[in-house]
Amino acid sequence: MKILVADKVHQAGIDALIAAGYDVDVKLDLSEAQLIDIIPAYDAIAVRSAVTVTRPIIEAGTNLKVIGRAGVGTDNIDKEAAADRGIEVVNTPAANVVSAAEQTFALMLACARNTCQANASMHEGRWDRAQYTGLELCGKTLGIIGFGKIGTLLAHRAKAFGMTVHAYDPYCDPDYVAQYGAILLPSLDELLQTSDVISVHLPKTPETTNMICDEQIAKMKDGVIILNVARGGICSEQALLDGLNSGKIWSVGIDVFDPEPPVDCCLAKSDRAVLTPHLGASTKEAQVRAGTQLADAIVDVLAKFS
């Protein structure tokens with residue numbers, strides 16, 4: 001059987017596929033047309049976030065048995081098209097969670113302490129100490145929207161910093177949330193109104209797109225910090241900029257954008273916005289885990305056809 005690696009999957013994952021006895025081709029930066037042209041020869045395709053596996057690609061994959069995504073989400077795969085063809089879709093939901101939680105906390109600290117702005121001023125030869133007075137996290141309330149694996153890890157770290165943790169997740173049990181030292185609130189509005197820092201950890205769906213917009217920001221405390229290391233488009237970038245300009249928002253830490261890379265991102269106009277290029281999963285450890293876990297998942301599916 002042949003496997004196409006069409007994205008930058010870690011070499012450890014590629015080695016695991018080869019060790020399992022599969023013929024593996026690594027072909028990067030292919031257009032949709034190029035993928036359609038070559039996909040009939042492959043039993044599996046492995047991607048990360050840079051490649052979108054569209055319906056035309058899937059329908060051209062007459063031998064495809066599995067589509068693998070090295071990462072948490074699968075929104076770059078047409079899952080309906082895969083289901084129509086009986087093709088399994090697998091991913092690595094646990095591989096990146098520690099890295100994503102740590103990136104969220106890094107942005108939280110950077111926002112609270114003006115770290116990026118102060119660093120830039122030092123590189124420009126300035127000493128603007130008085131200008132960059134920040135905020136302590138100790139004693140503040142962190143509101144986590146979406147209390148899955150990343151949310152729970154973030155809560156654990158926030159408690160170590162002396163923060164109170166509130167959570168909103170209609171699918172969670174209060175006792176489960178309490179295990180992580182957090183309080184499950186009955187409504188999103190209550191979380192927005194009581195939190196000093198708000199972090200979203202949700203998949204992007206029609207229901208969560210622009211979930212944080214002008215209306216929600218108006219309900220927040222003055223001087224709130226807003227973080228998004230989940231998916232671009234959950235927070236309205238224009239609404240965030242308006243909140244920064246008005247002073248309602250202290251700072252924002254944004255790691256994800258829609259589209260990626262962003263085109264003329266309005267938040268780049270504000271020095272109160274800490275922006276990173278989708279680094280949530282970009283650690284050496286997470287990339288190794290994602291690659292090897294993806295290889296294991298693909299091998300498990302292909303073994304059914306041996």
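Student: What makes both faces of β6 count as covered?

Tutor: Thr141, Gly143 and Ile145 on one side and Leu142 and Ile144 on the other are all buried, where buried means under 20% relative accessible area with a 1.4 Å probe and protein chains only. This is a predicted model, in which local features need pLDDT of at least 70, side-chain atom pairs count only at pLDDT 80 or more, and totals for chains, interfaces and linings use all residues. Residues are numbered from 1 along each chain as its sequence is written, and side-chain values use heavy atoms, with hydrogens and water left out.

Student: Why is β6 called largely enclosed?

Tutor: Since 5 of the 5 residues of β6, a strand spanning residues 141-145, are buried, the rest of the structure largely encloses it; a strand here is a DSSP run of E with at least two residues, numbered from the N terminus.

Student: How do you know that β6 pairs with β7?

Tutor: Two strands pair if DSSP finds at least two bridges between them, and 5 bridges join β6 to the parallel strand β7 (residues 164-168), with Ile144 standing opposite Ala167 in β7. By that criterion β6 also pairs with β9 (residues 197-200), in the parallel sense over 4 bridges, and Leu142 stands opposite Val197 in β9.

Student: What makes the unit of β6, helix α7 and β7 right-handed?

Tutor: A crossover is right-handed if, with the strands pointing away from the viewer, the path from the first strand over the helix to the second runs clockwise; β6, helix α7 (residues 149-160; a helix is a DSSP run of H or I with at least four residues) and β7 form a right-handed β-α-β unit.

Terms used: Buried < 20%, exposed > 50% of the residue type's maximum accessible area, 1.4 Å probe, protein only.
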